Amino acid sequence: MSKNIKISGKILSRYKEIISDGALEFIQQIHEKFDDTRINLLNERKKRQKKIDDGGKLDFLSETKKIRESDWKIKNIPQDLLKRQVEITGPPVPKKMLISALNSGADCYMTDFEDSLTPTFENLIQGQLNVKDAISRKIDFTDPQSKKEYKLNDKTAVLIIRPRGLHLSEKNVAVNGKRVSGTFFDLGLALFHNAKKLIDNGSGPYFYLPKIEHYLECRLLNDVISFCEKKLNLEVGTVKVTVLIETINAVFQMDEFLWELKDHIVGLNAGRWDYLFSYQKVYRNTKKVILPDRSKVNMFTPFMSNYNKLLVDTCHKRGAFGMGGMSAQVIAKANPTEINEKALAGVKKDKERELNQGNDGAWVAHPSLVEPVKNIFEKNFNGPNQLKKFNNEKINRKDLLDEPKIDNAITELGIRENLNEGIEYMAFWMIGTGCCVVNYLMADAATCEVSRAQLWIWLKYKVKLDDGRIVDEKLIEELIQDELNKIKNKFSVWRKKTNDKSLDNVSFDEAAKIFKVMITKENFDNFLTLPLYEKI
């Protein structure tokens, strides 16, 4: 191992298989060649935000007009990625969750090192081990309580890995005293250990790339991937990526994203929750982002629907997939029947919209939804995808930024739902669980960000509720205490009923305290995971 690279995380059994000398040297090479560019691009984000704060406008770029108007296509799409009608998402730990996702019947499984994973060193390295074992078909698990055995089926979902975004660092790995990028660490390790095995298996190294804001960031990632391919003796274009369009900045540069990554990209995905968060974050210093209760802002809301339509048409014009977003509903035997029925009806309506808007597939957060969604797409697709389908609508800047009306659309219930998710999700995040079910919906960092941004904006502008009350810190304090007591009582009953000792480490009080600071502080944190990461 190079003396210039330092590991500060605890090394447990088998970790050396992942952070071997060769793998760490590979990460160091990526870091030394590309990290200065990454830092410069992150600084450019701050400059662009400052321009918007000062009254600047987001729009399609004049400098790249030729790219948008020229006739070109992306390179080839691998055979095993031609059908992506249903993709399931979830973290790579615990083992049984990863095995269940691969066995779910979904076409693809996006194993997530980002929004649904708390990036503890243990989670990250165990996640890499689980992925490596799954690719080698050497993974199994027996639940110590139920004695249920988890093993891979003969046919499993195509694996796609999502590394962390460019803004996140890995505090447990430093080169010359400087933290390495979470993106470089996650993507580099996955490629180093698995690329050739995946190719031998008849598949390939496939990735989802998150939180990108500018086409120059795509250029950086394309350069990183090409560098890795060369170092690993892979043919250029072996690595295939799908980019999440989950920032309001990115929606104006989708052609450019495809162009910069055209050797490696196969599609774009409508990351709806982060997109809604980004819309509020970017325009937080204007009143235009005072949105209604989050339950009233969905993919049928015009500016959200237009975003998805433009994504599909842009992708199909270039021969790439336009992928729909995640349905957060969870169907479980323990749920009341009416809850499950309502969830299924909501998923059906949403996926039929995605079908009609030409999406080539969409995400689900739970295995229970794979079959219902697959039925919607398989029955209506003429083939494995809809690459030849277009909406043929001229969508302009205003269509993407035209906010919904808020008259009498902000309620106490909306505040409570946001507070409940924020407190509950952050409490579990801090003990290492990056996704959990809140109010019968799967919550992750992206959904929590929507709640955080909305509450911060409502407080900043002292919005009026439907009953005439003003949202201020006094009201928020009262509702936080009330929601906190409800959450603690709920989990106290659950603890007694199940004897689930993992709940003993959950501090809802601490989560409520931190969440309150985040939504009441003057300066808005760009991502909640940045300050939280320093606490784990």
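Phe192 comes out as partly exposed, with a relative accessibility of 32% (partly exposed is the range between buried, under 20% relative accessible area, and exposed, over 50%, using a 1.4 Å probe and protein chains only). This is a predicted model, where local features need pLDDT of at least 70 and side-chain atom pairs count only at pLDDT 80 or more, while totals for chains, interfaces and linings use all residues. Residues are numbered from 1 along each chain as its sequence is written, and side-chain values use heavy atoms, with hydrogens and water left out.

On the aromatic side, the structure has 17 pairs (rings of Phe, Tyr and Trp, the latter by its six-membered ring, pair if their centres lie within 6.5 Å; planes under 30 degrees apart are stacked, over 60 edge-to-face, the rest tilted). One of them joins Phe26 and Phe192 in a tilted arrangement, 5.6 Å centre to centre with 40 degrees between the planes. It bridges distant parts of the chain, from helix H2 (residues 21-53) to helix H6 (residues 182-200), 166 residues apart (helices are DSSP runs of H or I with at least four residues, strands runs of E with at least two, numbered from the N terminus). Phe26 is buried, at 4%.

Tyr208 and Trp363 make an edge-to-face pair, because their planes stand at 85 degrees, with centres 5.3 Å apart. Tyr208 is buried at 0%, and Trp363 is buried at 6%.

Ring pairs also tie Phe277, Trp456, Phe524 and Phe527 into a cluster. Lys281 lies over the face of Phe527, 3.9 Å from the ring centre (a charge sits over a ring if NZ of Lys or CZ of Arg is within 6 Å of the ring centre and within 35 degrees of the ring normal).
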